[in-house]
Amino acid sequence: MFLDWIEENAGREANARQLVDAVLNCGKDTFRFLEIIHAEMTGGHPIPNPYRLMPAAREWANWASTAENKAYALACYEALPPADQAAFLLHVSRQEAA
């Protein structure tokens, strides 16, 4: 079990080294290359579905990176009217207590 973990980790490290080498060899296209990698590894922009809003939001959040989830969560919270912010905080605090 432990040796399997070491072998898997060594494989990931080798893949990461190949990626770094590829980035370093991109020359003037390095930034564009990194943009493509980033786009493939993140959820992109949420696509609203007015008929299934919460399921669509939850599906997007599962694909999004932690940074995207944090940014959109904070931006959405800040865009709410004060009464809705208070209701949201109450809802979240009840979820943590459960």
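In the predicted model, D84 is partly exposed, with a relative accessible area of 39% (buried means under 20%, exposed over 50% and partly exposed in between, with a 1.4 Å probe and protein chains only). Residues are numbered from 1 along each chain as its sequence is written, and side-chain values use heavy atoms, with hydrogens and water left out. Because the model is predicted, local features need pLDDT of at least 70 and side-chain atom pairs count only at pLDDT 80 or more, whereas totals for chains, interfaces and linings use all residues.

D84 is placed in helix α5 (helices are DSSP runs of H or I with at least four residues, numbered from the N terminus). F88 and Y77 are 11 residues apart in sequence, and their C-alpha atoms are 8.1 Å apart in space.

The largest pocket contains about 830 Å³ of space. A pocket is defined on a 1 Å grid over the protein atoms alone, as an open set of points where a 1.4 Å probe fits, with protein on both sides within 12 Å along at least five of seven lines; lining residues have an atom within 4 Å of a point. Grid points are joined across faces, edges and corners, and the volume is the space filled by probe spheres set on the points. The lining of the largest pocket comprises 19 residues, of which M54, A57, Y72, A73 and C76 are the closest to its centre. Two or more lining residues are given by each of α3 (53-63), α4 (66-79) and α5 (82-97). The largest share, 7 residues, comes from α3. By class, the lining has 15 nonpolar, 3 polar and 1 charged residues (Ala, Val, Leu, Ile, Met, Phe, Trp, Tyr, Cys and Pro count as nonpolar, Asp, Glu, Lys and Arg as charged, and the others, Gly among them, as polar).

Charged side chains were examined next. Side chains of opposite charge can pair when their charged atoms come close. A salt bridge requires a side-chain nitrogen of Lys or Arg within 4 Å of a carboxyl oxygen of Asp or Glu, and by this rule the count comes to 3. In helix α1 (residues 2-24), R12 and E8 form a salt bridge with an N to O distance of 3.2 Å. These two residues are 4 apart in helix α1, so about one helical turn separates R12 from E8. R12 is partly exposed at 45% relative accessible area, and E8 is partly exposed at 49%. E13 forms a salt bridge with R17, the closest N and O atoms being 2.7 Å apart; both lie in helix α1, 4 residues apart, about one turn of the helix. E13 is partly exposed at 41%, whereas R17 is exposed at 53%. In helix α2 (residues 30-41), E35 and R32 lie 3 residues apart, about one turn of the helix, and their side chains meet in a salt bridge (3.4 Å, N to O). E35 is partly exposed, with 33% relative accessibility.

A nonpolar surface patch of about 470 Å² is made by F2, L3, W5 and I6. Patches consist of residues with over 30% relative accessible area and no salt bridge, nonpolar side chains (Val, Leu, Ile, Met, Phe, Trp, Tyr) being joined within 5 Å and like charges within 9 Å. Accessible areas come from the Shrake-Rupley method with a 1.4 Å probe. F2 lies in helix α1 and is exposed, with a relative accessible area of 57%.
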